[in-house]
Amino acid sequence: MTPARAHLFIRGRVQGVFYRAFTRGVADELGLNGWVRNLFDGRVEALFEGDRQKVEEAIQRCSKGPPGAKVDDVEMRWEEYRGESKDFNIR
């Protein structure tokens with residue numbers, strides 16, 4: 001496993017469409033740790049940690065989102081892996 005950490009800011013119609021629950025489901029399915037939360041400006045912020053290949057798959061899925069969402073942009077940056085989360089939470 002190559003550990004990785006990705007920090008995402010997702011813009012579009014991503015609040016009120018179960019985007020956070022979708023993201024948690026993706027993370028749980030892929031065995032990733034981290035969190036997701038709504039921001040006051042209408043974006044969603046997410047942090048994934050785990051195997052790099054699985055983190056990349058989560059980013060790809062979050063670029064589409066659940067039915068009802070319309071993702072306009074995903075700002076993503078790789079960060080140093082910290083391993084500070086033991087599961088994935090909705091904040």
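This is a predicted model: local features need pLDDT of at least 70, side-chain atom pairs count only at pLDDT 80 or more; totals for chains, interfaces and linings use all residues.
Me: Let's start with R5 in strand β1. Why is R5 called buried?

Reply: Its relative accessible area is 4%. Buried means under 20%, so R5 is buried.

Me: What makes the link between the side chains of R5 and E49 a polar contact?

Reply: The two side chains are joined at 2.8 Å, and the cut-off for such a pair of N or O atoms is within 3.5 Å. The side chain of R5 also makes a polar contact with the side chain of E79, at 2.9 Å.

Me: Which residues is R5 in contact with, leaving aside its neighbours within four places in sequence?

Reply: Among them are L47, F48, W78 and Y81, and E49 and E79 are on that list too.

Me: H7 lies in strand β1 as well. How do you know whether H7 is buried or exposed?

Reply: Set its relative accessible area of 9% against the limit of under 20% for buried. The value falls below the limit, so H7 is buried.

Me: What joins the side chains of H7 and E45?

Reply: A polar contact of 2.5 Å does. Leaving aside neighbours within four places in sequence, H7 is also in contact with residues including W35, A46, L47 and M76.

Me: Now to N38, in strand β2 (residues 33-38). Why is N38 called partly exposed?

Reply: N38 has a relative accessible area of 31%. Buried needs under 20% and exposed needs over 50%, so N38, in between, is partly exposed.

Me: Which residues does N38 touch, not counting those up to four places away in sequence?

Reply: N38 touches Q15, R20, R43 and V44. As for R91, that residue is 53 residues away from N38 in sequence, with 7.8 Å between them in space, C-alpha to C-alpha.

Me: Good, on to the helices. Why are α1 and α2 called roughly antiparallel?

Reply: The axes of α1 (residues 19-30) and α2 (residues 52-62) cross at roughly 155°. Angles over 145 degrees count as roughly antiparallel, so these two helices are described that way. Their axes come within 10 Å, and α1 passes α2 in a right-handed crossing.

Me: Which residues of α1 and α2 meet?

Reply: From α1 there are Y19, F22, T23, V26, E29 and L30, and from α2 there are K54, E57, A58, R61 and C62. The residues of this contact divide into six nonpolar, one polar and four charged.

Technical notes:
Residues are numbered from 1 along each chain as its sequence is written. Side-chain values use heavy atoms; hydrogens and water are left out. Helices (H or I, at least four residues) and strands (E, at least two) are DSSP runs, numbered from the N terminus. Buried means under 20% relative accessible area, exposed over 50%, partly exposed in between (1.4 Å probe, protein chains only). Contact means heavy atoms within 4.5 Å. Axes are lines fitted to C-alpha atoms, for helices over the stretch in contact, and angles run from 0 to 180 degrees between N-to-C directions. Angles under 35 degrees count as roughly parallel, over 145 as roughly antiparallel, 65 to 115 as roughly perpendicular and the rest as oblique. A crossing is left-handed if the near helix is turned anticlockwise from the far one by less than a right angle, and right-handed if clockwise. Ala, Val, Leu, Ile, Met, Phe, Trp, Tyr, Cys and Pro count as nonpolar, Asp, Glu, Lys and Arg as charged, and the others, Gly among them, as polar. A polar contact is a pair of N or O atoms within 3.5 Å; within protein, one must be able to donate a hydrogen and the other to accept it, and residues adjacent in sequence count only if both atoms are side-chain atoms.
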